[in-house]
Structures are given as C-alpha cells and as structure tokens.
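Here's a quick tour of the voids in this protein. Have a look at the structure first, then we'll go through them.

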Amino acid sequence: MGEFVRLETTDGIGTIRLERPPMNALNTQVQEELRAAAAAATADPEVRAVIVYGGEKVFAAGADIKEMADMSYVDMAARAADLSSALGAIAQIPKPVVAAITGYALGGGCELALACDWRVVAEDAKLGQPEIKLGIIPGAGGTQRLARLVGPARAKDLIMSGRMVDAQEALRIGLADRIAPAAEVYDAAVALVRPYLNGPVQALRAAKLAVDGGLEMDLNSGLAWESQLFAALFATEDRREGMAAFVAKRKPDFTGR
C-alpha cells in the first residue's frame, strides 16, 4: 500500500511489513506509511491480529538521521508531534499487535516495537534507545512507553546510557516477551497471536482499551473506565454466545458482533 510499508492479510493476520533497505530507517515517508497501514489494519474486519515485521535481517535501526541532521528547532517543533502520532497509530490499533524483531530495533525502531502489545525477539537481536549519543532523547514514545514497560530506573539506564541490550536481557527486564531463533521469529509471532483470531473481537478491543487507557489514569478513574467497558460488552452478540456456551458446556462460536 506504500513504497516502503505494506499491509498483507493472510488467515486473519495482517502483517505490516517494512521494506526500506538496508536498515528500514524510519524517515518521514515511512512514518506516514506506517500511519496509513495502521488505519487500514484497524478498518479491515478480516484483520483479527497484526504483526509488525521488518524482514529476516533487521526490524528497524532507527529514524533517518540524514533527514534530521539539518533540521532546526522550528523544523522539528513542526514535525515532532506527527512523528510521535505516526507510531502512536500502531499502539492504537484496537486488535492484538506483536512486533517480530530480527537484527536491530534501535531508536525509532525500538519505539515502534514499544508501540506493539508484545515483542518476539530473535536470539541475536539488539534493542536500545541510542538517541543520547546524538545529543537528543527519544521523541516517538521511547521515554514514556519504555518507562511504563520496564520501570523508570531501567528506562533511565537505557535512555541515558544509549546502550543496546541483547535478547536475554530484554526478556529479563520485560522489554521482550518471547525469544526465538532468527529464522523462526515471524512464525513465533504468528503462534503468539493465533489464539486471538477466533476470539470475541469487541471484548479483545475492550481489554486493550481498559489496560492502555487505565495506565493514563488514577486508580479510581481506571476502575470507572473498566466498569464502563465491561458493561458495554453486554450489548454484544459474542457476550450472549460466550455465556450461553459456558452454560451449555460447549465451545463458543464468536462472530465478532
């Protein structure tokens, strides 16, 4: 659907594929094509889950530094919000989303991975936020999503040192969810999302909204948000089917309605 990013759908899984050799650098065009792919995956009812994948060699090694090198404060002030929201569009896909990471996920590439619900990481992959070495900080969610995922102290360590972590450390600190051999990363991502493909679409959407939205609220507000989403599901056909199947001791046949 774009020059560097495309959405491919097979058996209910939409794969957002990055193809900008050699390192899938996230220039402005790639950012906007990611936004478009996220919108397409959101709108397509045939897409039940999403995999973000950079290919067999590299996930994404960061933003396009050559594009940014000559930008002024005024230039970046006009662009920064769009950069953040382009990756935020991935986070807002109301379906299960997993990053399948090979090679490097650095800078903007790591931020793209952080925008996903889970991360399957190749055994030899490297992840990190090295922006500090360029005299800047992460600007597309890295300081916020990383801290929420691994805690503020570990996030400060990674962001302020700019160091890379390997797959084992990423798993240990919660930055990765599964590790697989590099040649099997995509298949491992498929295995992770496959259980959701025939699930209750509206309930899965509500679960993601409840968790992600609740993280932005105090506890009482989060509980109220959860209650609202919970009650709304009683208007769905899948809720009726799920409870009827439970009472009848049979497997539910969810339709996504």
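Helices here are DSSP runs of H or I with at least four residues, strands are E runs of at least two, and both are numbered from the N terminus. It's a predicted model, where local features need pLDDT of at least 70, side-chain atom pairs count only at pLDDT 80 or more, and totals for chains, interfaces and linings use all residues. Residues are numbered from 1 along each chain as its sequence is written, and side-chain values use heavy atoms, leaving out hydrogens and water.

**Second largest pocket**
- Helix 2 (65–68), helix 3 and helix 4 (108–114) each put at least two residues into the lining of the second largest pocket. (On a 1 Å grid over the protein atoms alone, a pocket is an open set of points with protein on both sides within 12 Å along at least five of seven lines, a cavity is a set where a 1.4 Å probe fits but cannot get out, and lining residues have an atom within 4 Å of a point.)
- Helix 3 gives the most, with four residues.
- Its volume is about 590 Å³, counted as the space filled by probe spheres set on points joined across faces, edges and corners.

**Largest pocket**
- This one holds about 780 Å³, and helix 9 supplies the largest share of its lining, eight residues.
- Domain 1 (5–196) and domain 2 (201–248), with bounds from an automatic or database domain assignment, both line the largest pocket, so it lies between them.

**Cavity**
- The whole-structure search turns up one cavity of 30 Å³ or more.
- The largest cavity has a volume of about 60 Å³, and its lining includes Val47, Arg48 and Tyr196.
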